[in-house]
Amino acid sequence: MFDAIAPRYDFLNHLLSAGIDRYWRRRAIRSLRLTGRERVLDLCTGTADLAIAARTARPGAARVLGVDFSGAMLAVGAHKLRRESLSGEIALVRGDAMRIPVADASVDAVTIAFGIRNVEDAHVTCRDLHRVLKAGGRLAILEFAIPTTPLVRAAYLSYFRHILPRIGRLISRHEAAYGYLPESVGAFATPVEFTELLRKSGFGNVSADPMTFGIVFLYTAKRLEA
């Protein structure tokens, strides 16, 4: 499915979010408090938008590794890196989010944008994220949620369940992908449940910050000093 929608993925992300997705990514990178020396892992990197944001921030990461299971998504990302002359600073690798191809305690920060709900077992992935982070390393995860304010919730669910899938199918020409999106968001953990999962995975300083009326949450956490 992800391979099939890769060619139109970036366009649809910007269109369906009215461009707010760029702001969400900037917030996630700011939360890492980068100094310009860090090695950052962007898991479920897709077409590498968040990996690029981590490298091009001021200050940005010294090096970024993007990992994703979709070869077609990575191919789109690699094209963007060549276009922006970033191939020497951002590496893209095909890999499994539950068995991250990175050594223990080898990265300073980890990011995930709208990918944690797609892994088979989020707890396994979060434990592996804890493994690869250095002591004191920071985590930033962006993920959709269902708003709790009644009027916002009603409007959001109407758009999410009826309008978004139709636009997605029309532009991506894939029948299932943009029906899967609202289904996967509805099936994913609530913010309270996911913050507890992060704590159970060994993280400290866990927080969940709602953005854009609660349709997206920025989860931040830290691997505590050994």
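A residue is termed buried when its relative accessible area is under 20%, exposed when that area is over 50%, and partly exposed in between (1.4 Å probe, protein chains only). Helices (H or I, at least four residues) and strands (E, at least two) are DSSP runs numbered from the N terminus. The model is predicted, so that local features need pLDDT of at least 70 and side-chain atom pairs count only at pLDDT 80 or more, while totals for chains, interfaces and linings use all residues. Residues are numbered from 1 along each chain as its sequence is written, and side-chain values use heavy atoms, with hydrogens and water left out.

Helix α3 (residues 49-56) is mostly covered, with six of its eight residues buried. The buried residues of α3 are Asp 49, Leu 50, Ala 51, Ile 52, Ala 53 and Ala 54. Ala 48 belongs to the loop between β1 (39-43) and α3. This alanine has a positive phi of about 75°, although it is not a glycine. With a relative accessibility of 0%, Ala 48 also counts as buried. In the loop between α3 and β2 (63-68) lies Pro 59, which is joined to Arg 58 by a cis peptide bond with omega about -5°.

Helices α5 (residues 122-132) and α8 (residues 191-200) pack with their axes 9 Å apart and at an angle of about 45°. Axes here are lines fitted to C-alpha atoms, for helices over the stretch in contact, and angles run from 0 to 180 degrees between N-to-C directions. This angle makes α5 oblique to α8; angles under 35 degrees count as roughly parallel, over 145 as roughly antiparallel, 65 to 115 as roughly perpendicular and the rest as oblique. Contact (heavy atoms within 4.5 Å) is made by Ala 122, His 123, Cys 126 and Arg 127 of α5 and by Phe 194, Leu 197, Leu 198 and Lys 200 of α8. By class, five residues in the contact of α5 with α8 are nonpolar, one is polar and two are charged. In this classification Ala, Val, Leu, Ile, Met, Phe, Trp, Tyr, Cys and Pro are nonpolar, Asp, Glu, Lys and Arg are charged, and the others, Gly among them, are polar.

Aromatic pairs were assigned to rings of Phe, Tyr and Trp (its six-membered ring) with centres within 6.5 Å; planes under 30 degrees apart count as stacked, over 60 as edge-to-face and the rest as tilted. The count by this rule is nine aromatic pairs. One of them, between Phe 144 and Phe 160, is tilted, at 6.1 Å centre to centre and 55° between the planes. Phe 144 lies in strand β5 (residues 133-144) and Phe 160 in helix α6 (residues 150-172), so this pair links distant parts of the chain, 16 residues apart. Both Phe 144 and Phe 160 are buried. The rings of Phe 194 and Tyr 219 are paired edge-to-face, because their centres are 4.8 Å apart and their planes are at 75°. Since Phe 194 is in helix α8 and Tyr 219 in strand β7 (residues 216-222), the pair ties together parts 25 residues apart in sequence. Phe 194 and Tyr 219 are both buried. One aromatic cluster is formed by Trp 24, Phe 114, Phe 144, Tyr 156 and Phe 160.

Trp 24 is also a contact of Ser 17, as is Leu 12, when neighbours of Ser 17 within four places in sequence are left aside. Ser 17 is in the loop between α1 (2-16) and α2 and is buried, with a relative accessible area of 12%. Ser 31 is found in helix α2 (residues 20-31). Not counting residues up to four places away in sequence, Ser 31 touches Arg 138, Ala 140, Leu 218 and Thr 220.

Asp 209, in strand β6 (residues 204-211), counts as partly exposed at 31% relative accessibility. Beyond four places in sequence, Asp 209 touches Arg 27, Val 216, Phe 217 and Leu 218. Asp 209 and Thr 220 are eleven residues apart in sequence and 8.2 Å apart, C-alpha to C-alpha. The loop between β6 and β7 holds Phe 213, a non-glycine residue with a positive phi of about 65°. Phe 213 counts as exposed, at 68% relative accessibility.
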